[in-house]
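Keep it brisk, and give the cut-offs.

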Amino acid sequence: MCAEFHRTLAPGDRLMLVCRVGKGEHLCRTLAYGNHPAHFESYRLPADRISELLEDAGLVVTARLVQAPGEGGKGTIAGFMARKPE
């Protein structure tokens, strides 16, 4: 995934990635947004691991924000800003 970000960005371009993070949970869902039937699997990686994956792909992580779940507890959200070196 992160290698593809690096491949498609031009030198100096920036990437903003926002996703749910966790402790490596493997989730199997049967409903998509709007309660539409769909089977899919996802993994909620720790924010540190996502930063590592971006850096391992050759991107420079310039900012990271991790927001704890609010009322209703839909999960922790993290935002990452990264750039491809020139």
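## Salt bridges and their surroundings

Arg-49 counts as partly exposed, at 35% relative accessibility. Buried means under 20% relative accessible area, exposed means over 50%, and partly exposed lies in between (1.4 Å probe, protein chains only). The model is predicted: local features need pLDDT of at least 70, side-chain atom pairs count only at pLDDT 80 or more, and totals for chains, interfaces and linings use all residues. Residues are numbered from 1 along each chain as its sequence is written, and side-chain values use heavy atoms, with hydrogens and water left out.

Arg-49 forms a salt bridge with Glu-52. A salt bridge here is a side-chain nitrogen of Lys or Arg within 4 Å of a carboxyl oxygen of Asp or Glu. Both Arg-49 and Glu-52 lie in helix H2, three residues apart, about one turn of the helix. Helices (H or I, at least four residues) and strands (E, at least two) are DSSP runs, numbered from the N terminus.

How many salt bridges does the structure hold? It holds three.

| Pair | N to O distance | Relative accessibility |
|---|---|---|
| Glu-4 and Arg-7 | 2.7 Å | Glu-4 41%, Arg-7 58% |
| Asp-48 and Arg-64 | 2.6 Å | Asp-48 48%, Arg-64 40% |
| Arg-49 and Glu-52 | 3.2 Å | Arg-49 35%, Glu-52 39% |

Glu-4 and Arg-7 sit in helix H1 (residues 2–8). They too are three residues apart, about one turn of the helix. Glu-4 is partly exposed, whereas Arg-7 is exposed.

Asp-48 and Arg-64 meet through their side chains in a salt bridge. This pair links distant parts of the chain: Asp-48 is in helix H2 and Arg-64 in strand S4, 16 residues apart. Asp-48 is partly exposed. Arg-64 is partly exposed as well.

## The sheet

Three strands make an open sheet in the order S1-S5-S4, with antiparallel pairing. Strands S1 (14–21) and S4 (60–67) stand at the edges; each has a single partner strand, so one side of each is left without a neighbour in the sheet. From one strand to the next, the twist averages 15 degrees. Two strands pair if DSSP finds at least two bridges between them. S1 and strand S5 (residues 76–83) pair over eight bridges, in the antiparallel sense. Met-16 stands opposite Met-81 in S5.

Helix H2 (residues 47–56) packs on the sheet and touches S1, S4 and S5. Its direction makes about 165 degrees with that of S4. Axes are lines fitted to C-alpha atoms, for helices over the stretch in contact, and angles run from 0 to 180 degrees between N-to-C directions. Contact means heavy atoms within 4.5 Å.

## Two single residues

Which side chain of opposite charge is nearest to Arg-44? It is Glu-25, 5.8 Å away. Arg-44 is buried yet has no salt bridge. Lys and Arg count as positive, Asp and Glu as negative; His and the chain ends are not counted. Arg-44 is found in strand S3 (residues 37–44). Leaving aside neighbours within four places in sequence, its contacts include Arg-20, Lys-23, Glu-25, Arg-29 and Lys-74.

Asn-35 lies in the loop between strand S2 (25–31) and S3. Its phi is near 60 degrees, a positive value in a residue other than glycine. Asn-35 counts as exposed, at 61% relative accessibility.
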